[in-house]
Amino acid sequence: MEEAECIQPQYNIRRLEKQEIVKSFDCGDADLNNFILNESLLYRKELLAVSYAVEDNSKSVIAYFSLANDRVSLSDFEDKTAFNRFRRHRFVNEKRLKSYPAVKICRFGVDLMVKKHIGTRVLNFIKSYFIEDNKTGCRFITVDAYSSAIPFDLKNGFEPLTSDDENDATRLLYFDLNDIVD
C-alpha cells in the first residue's frame with residue numbers, strides 16, 4: 001500500500017509508523033479508544049497486528065483499523081455439511097487444505113464526529129487492498145464483531161461463520177473476497 005492512499009478526496013489512509021502513537025481519538029467505545037491510544041504500538045512491536053489511520057485534511061485521525069493474519073479452518077464447522085454451506089465457490093486442492101488464509105480486522109473505530117459512511121468506505125478499501133495487492137494469498141476477511149456492530153458488518157457483506165456464537169458478546173463474521181473478484 002502506498003503512503004497516504006486516498007479513500008475519497010478529503011480522507012487519506014496510511015499505515016502507522018513503528019513508533020507512532022495516536023494522541024487523540026474517540027469513537028465512543030472505551031476498548032476501541034484504548035487500543036489505538038495505548039495498545040496498538042505494543043501489538044506492532046510483537047508482530048501481532050498492524051494499525052492504519054484514516055486522516056482528514058488537517059491530519060486528524062478520524063478512523064482507524066488494525067489487521068492481523070487469520071484463517072478459516074475446517075474445524076470451525078460442526079460438520080462437512082456446514083462447511084459445504086459456507087463455501088459458495090470451490091477451493092483449489094480442497095482435499096489437501098485444512099484451513100484457508102484470511103486477514104482479521106482486529107479493531108475498527110470511527111470518530112464520533114465523523115459522518116457514518118466513512119466506515120463503509122474504509123471496509124471497501126480493505127477489501128480492495130487484499131484483492132489488488134494480495135501479496136501472500138488471502139481469501140477471507142474475518143472480524144469478531146461486537147453485537148452492536150453486527151448490523152453494520154452484515155450490511156457490508158459479512159456473514160456469520162457459524163451459529164455457535166449467535167448470542168455471545170462478539171460474533172465471528174467473514175467476507176469471501178472471491179465474491180467481488182472479476
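## Ground rules

Helices (H or I, at least four residues) and strands (E, at least two) are DSSP runs, numbered from the N terminus. This is a predicted model, where local features need pLDDT of at least 70, side-chain atom pairs count only at pLDDT 80 or more, and totals for chains, interfaces and linings use all residues. Residues are numbered from 1 along each chain as its sequence is written, and side-chain values use heavy atoms, with hydrogens and water left out.

## The largest pocket

Pockets and cavities come from a 1 Å grid over the protein atoms alone: a cavity is a set of points where a 1.4 Å probe fits but cannot get out, while a pocket is an open set with protein on both sides within 12 Å along at least five of seven lines. Lining residues have an atom within 4 Å of a point. Grid points are joined across faces, edges and corners, and a volume is the space filled by probe spheres set on the points.

The largest pocket has about 810 Å³ of volume and a lining of 31 residues, with L32, F108, G109, A149 and F152 nearest its centre. Strand 5 (99-110) gives the largest share of that lining, 7 residues. By class, the lining has 15 nonpolar, 6 polar and 10 charged residues (Ala, Val, Leu, Ile, Met, Phe, Trp, Tyr, Cys and Pro count as nonpolar, Asp, Glu, Lys and Arg as charged, the others, Gly among them, as polar).

## Ring contacts

Rings of Phe, Tyr and Trp (its six-membered ring) pair if their centres lie within 6.5 Å; planes under 30 degrees apart are stacked, over 60 edge-to-face and the rest tilted. That rule gives 9 aromatic pairs. One of them is F140 with Y174, edge-to-face at 6.0 Å centre to centre and 75 degrees between the planes. F140 sits in strand 6 and Y174 in strand 8 (residues 170-176), so the pair ties together parts 34 residues apart in sequence.
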